[in-house]
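Hi everyone, thanks for coming. I'd like to walk you through one model today, so please have a look at it with me.

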Amino acid sequence: MNWLYFIIVGGLAGWLAGVVWKGSGFGLIGNILTGIVGSMIGGWAAGELGLFGGGFIYQILVAAGGALILLILLRLIRGS
């Protein structure tokens, strides 16, 4: 069940990041992967900033924030 939870949170976070950052839609699988990697980045960044919370909404927001950071980094690397 744990993997299913990661896929759901990753998909929602990737979709939310794609909505906020226009033009970065990667499709369903791409959004899930972006959200999962973003949740790792967001979880690390939130821990470093001393932000600790719980609940589904908090996890989605942290993962979406990490996914936005990932999208910014990808855009900088691509140069577009």
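Okay, how do H1 and H2 pack? This is a predicted model, by the way, and in it H1 and helix H2, which is residues 27-48, meet at an angle of about 100 degrees. Their axes are 6 Å apart. Those two numbers are what we go by, since two packed helices are described by the angle between their axes and the distance between the axes. Angles of 65 to 115 degrees count as roughly perpendicular, so H1 and H2 are roughly perpendicular to each other.

Who makes that contact? On the H1 side you'll find Phe-6, Ile-7, Gly-10, Gly-11, Ala-13, Gly-14 and Trp-15. H2 brings Asn-31, Ile-32, Gly-35 and Ile-36. Sort them by class and you get six nonpolar residues, five polar ones and no charged ones.

Last thing: confidence. The protein averages a pLDDT of 84, and 94% of the residues score at least 70. Confidence is lowest in helix H1, residues 2-20, with a mean of 83, and highest in helix H3, residues 56-78, at 88.

How values were computed
Residues are numbered from 1 along each chain as its sequence is written. This is a predicted model: local features need pLDDT of at least 70, side-chain atom pairs count only at pLDDT 80 or more; totals for chains, interfaces and linings use all residues. Side-chain values use heavy atoms; hydrogens and water are left out. pLDDT is the predictor's confidence in each residue, from 0 to 100. Helices (H or I, at least four residues) and strands (E, at least two) are DSSP runs, numbered from the N terminus. Axes are lines fitted to C-alpha atoms, for helices over the stretch in contact, and angles run from 0 to 180 degrees between N-to-C directions. Angles under 35 degrees count as roughly parallel, over 145 as roughly antiparallel, 65 to 115 as roughly perpendicular and the rest as oblique. Contact means heavy atoms within 4.5 Å. Ala, Val, Leu, Ile, Met, Phe, Trp, Tyr, Cys and Pro count as nonpolar, Asp, Glu, Lys and Arg as charged, and the others, Gly among them, as polar.
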